[in-house]
Amino acid sequence: MKKSGLTVLLVDDSVFVRRVLSRLLGSNPLIKRLFEASDAAEGYSLFKICRPDVVILDLELPDKHGLEVLKLIKSAAPSCTVIILTSLTAPEVREEAMRLGADYFLLKDSGLLRVAETIANICETKGRRGRPGNDAKNKDKDNANTSCSE
């Protein structure tokens with residue numbers, strides 16, 4: 001039987017960002033499982049194993065651009081909520097991320113506490129709607145179960 005609550009994957013090469021967000025998000029009762037990765041390869045490997053409900057994805061990763069990872073995630077699980085978290089402010093970067101299927105685009109310079117609060121609000125909304133697949137905007141009804149089972 002699956003544990004209730006959301007599974008979140010955080011992919012960012014900054015140890016500081018991962019630690020702060022992990023600590024802030026770890027206290028959220030709606031987030032039952034939180035995984036961390038420091039690069040694209042590790043992040044996508046964890047994604048395939050855990051099938052998270054939410055992925056927080058940096059764009060500037062050491063081994064691959066985050067937009068490439070976004071493409072892989074959205075092609076494998078369109079119902080997965082992807083939150084881009086980046087320091088890149090160019091409008092064309094945001095437009096490309098949204099075109100490729102990002103659900104949210106947040107800037108790191110808005111402060112990690114504010115980012116964590118925004119992510120918590122997104123998770124709360126997603127948690128109230130139920131598991132992925134119950135969301136009216138979700139196009140991937142057949143892959144509604146996207147979490148790791150326990």
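Predicted model: local features only at pLDDT ≥ 70, side-chain atom pairs only at ≥ 80, totals over all residues.
Local features are described only where pLDDT is at least 70 and side-chain atom pairs only at pLDDT 80 or more, while totals for chains, interfaces and linings use all residues. Residues are numbered from 1 along each chain as its sequence is written, and side-chain values use heavy atoms, with hydrogens and water left out.

Select Lys108 to begin, in the loop between strand 5 (104-107) and helix 5 (112-129); helices (H or I, at least four residues) and strands (E, at least two) are DSSP runs, numbered from the N terminus. Asp12 sits in the loop between strand 1 (6-11) and helix 1 (15-26), 96 residues from Lys108.

Lys108 and Asp58 are both buried, as is Asp12, where buried means under 20% relative accessible area, exposed over 50%, and partly exposed in between (1.4 Å probe, protein chains only).

Move to helix 3, where Lys71 and Glu68 lie 3 residues apart, about one turn of the helix, and their side chains meet in a salt bridge at 3.2 Å. Lys71 is partly exposed at 38%, and Glu68 is partly exposed at 37%.

Finally, select Asp53, in the loop between helix 2 (40-50) and strand 3 (54-57), which counts as buried at 0% relative accessibility.

Technical notes. Salt bridge = Lys/Arg side-chain N within 4 Å of Asp/Glu carboxyl O.
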